[in-house]
Amino acid sequence: MKLQKFTDTEKRQLKKIAMENVLVHWASNEDLAKEPKIFTAGEGCYVYDIHGNKYLDSFSSLITSIFGHGRDEMKQAIMEQMDKIAFFPNYHDSFTIPQIKLAEKLAEIMPGDLDVSFFVSSGSEANETALKMARQYHWANGEPHRYKVIARRYSYHGTTLGATSYTGFSALRQCVEPLLPGALFTHPVSCHDCELGLDPSNCNMTCLKMLEKMIVWENPETISAMIMDPIPGSNFGYPIPPDGYLQGVRDICDKYGILLIFDEVQTGFGKTGKWFACENWDVTPDMMSVSKALTAGYLPLSVTMTTKKIASVFNKEPGSEFRSGGTYGGHPLSCAVALATIEIMEKEKVVEQAAETGAYLKAELEKLYKYKIVGDIRGMGMIWAIELMADRETRTKLDPSLNVGTFIRDWCWDNGMILRNNGNSLVAAPALVMTREEVDIMVGKINESISAAMKHFHFD
Ligand SMILES: Cc1ncc(COP(=O)(O)O)c(C=O)c1O
């Protein structure tokens, strides 16, 4: 790893350009006003900023860098493919070798009969593609009136207009409404804070009954697909569904001819201690979107996986083709990197490692219950959320205006660790290869930061 040095003038200039010439994704004007953060190097689970400060990354570069930074194999995979052909589109009737090999490998590792790949570049596009594929599938089968899509409140499916239409966060929707027609929202499954106010020990999964009622009321023949993340993401604090829920959704979708799409953009590739989150409950969808860890963060790539049964509708005769695509979808360099990612995962048993380190991480995080403001600790494998509360016993929420989560995040940044917070929910979702020593450092810093918050806000 090379650590570049910058003069004060260069730093000032870079920051000025960043502020004036870049609209950063999901910007926080409040944080930008303090100072834009510029990263220049990475090694393992650590990254370095323009001042040479070193940070342990507990959010694995937006939950992508499952091996951390600086793996030679990835560099090598890119260089080897560069020497052959850097780019040719997966378009019309053309393929490159890495696309074909990756499709073969994905068919092998995907659950059930998800054997067919459609390559795009981002998680949003993979979801958007799945939704278009569902629509065209029904259209081809003589059911063009199946246009509605069921999604869940508080699930995030991406940033494109289509993906935003089925994303259950009102703050992301309201500034671009009206969105696509036919988006139907059902309950999130967050049993710790049930929307229906029910007790999970005796609710008989009323949320599933409500889902079915909605489908019947809407007329099932108007619904094309249901999109859901088996475990909702970091911004909803990883609520784990109760056993039987995913199977319940699967059964309802089958009953009414609705295609089931699992968005595993965040949870796929080992994060939960299985290759894919849905394998924790042995439920397979009709389509699955994957991205992020697919290339371990080294290059952009995403895939909409589907079954041969669904894909067969699109290769029947001229005119039946799936009418979608993008120039860089399935970029050969990205496919080569994805193949290298899967090879490392298999060779180094990264999924098993994630399950083992995840169990250790869970046990270490649970020690934080010693603080009364640690309300819930939820997650699985290597993706965890810590929800802060005013009082765990009474489950009283913290006053959001106190910004306790942000205080903790800032404390961690000031003390050499990147921590993601969503309000009063803290996230620990590090690289899958994080060592136990690094887990100790990470949890140690979360511990110290909560302790600092207890003092700062006089919670003791
Ligand atoms: C569950 C889920 N779906 C979709 C997306 C969108 O992926 P991308 O940002 O690559 O478009 C994300 C991104 O965070 C995600 O977590």
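Helix H5 (residues 97-109) and H12 cross in a left-handed sense, meaning that the near helix is turned anticlockwise from the far one by less than a right angle; clockwise would be right-handed. This is a predicted model, in which local features need pLDDT of at least 70, side-chain atom pairs count only at pLDDT 80 or more, and totals for chains, interfaces and linings use all residues. Residues are numbered from 1 along each chain as its sequence is written. Helices (H or I, at least four residues) and strands (E, at least two) are DSSP runs, numbered from the N terminus.

**H12 and its partners**
- The axes of H5 and H12 come within 9 Å and cross at roughly 35°; axes are lines fitted to C-alpha atoms, for helices over the stretch in contact, and angles run from 0 to 180 degrees between N-to-C directions.
- On the H5 side, Pro98, Gln99, Lys101, Leu102, Lys105 and Ile109 meet Pro332, Cys335, Ala336, Ala338, Leu339 and Ile342 of H12; contact requires C-beta atoms, placed from the backbone, within 7 Å.
- That contact has nine nonpolar, one polar and two charged residues, where Ala, Val, Leu, Ile, Met, Phe, Trp, Tyr, Cys and Pro count as nonpolar, Asp, Glu, Lys and Arg as charged, and the others, Gly among them, as polar.
- Helix H4 (residues 72-84) also packs with H12 (residues 332-347), with axes within 9 Å and a crossing of roughly 145°.
- The H4 contact with H12 includes Met74, Ala77 and Ile78 from H4 and Leu333, Ala336 and Val337 from H12.
- By class, the H4 and H12 contact residues are 11 nonpolar, one polar and one charged.

**H13 with H15**
- Helix H13 (residues 350-366) and helix H15 (residues 436-456) have axes that come within 10 Å and cross at roughly 25°.
- The two helices are therefore roughly parallel (angles under 35 degrees; over 145 is roughly antiparallel, 65 to 115 roughly perpendicular and the rest oblique).
- Thr357, Tyr360, Leu361, Glu364 and Leu365 of H13 meet Arg436, Val439 and Val443 of H15.

**Around the ligand**
- The ligand is surrounded by 14 residues, the closest being Ser122, Gly123, Ser124, Val265 and Gln266; a residue is near if its C-beta atom, placed from the backbone, lies within 6 Å.
- Helix H6 (residues 123-140) gives the largest share of this shell, three residues.
- The shell divides into two nonpolar, 10 polar and two charged residues.

**The whole chain**
- The chain has 15 helices and 16 strands.
- Its C-alpha trace spans about 65 × 60 × 45 Å along the principal axes.

Key:
Contact = placed C-beta atoms within 7 Å.
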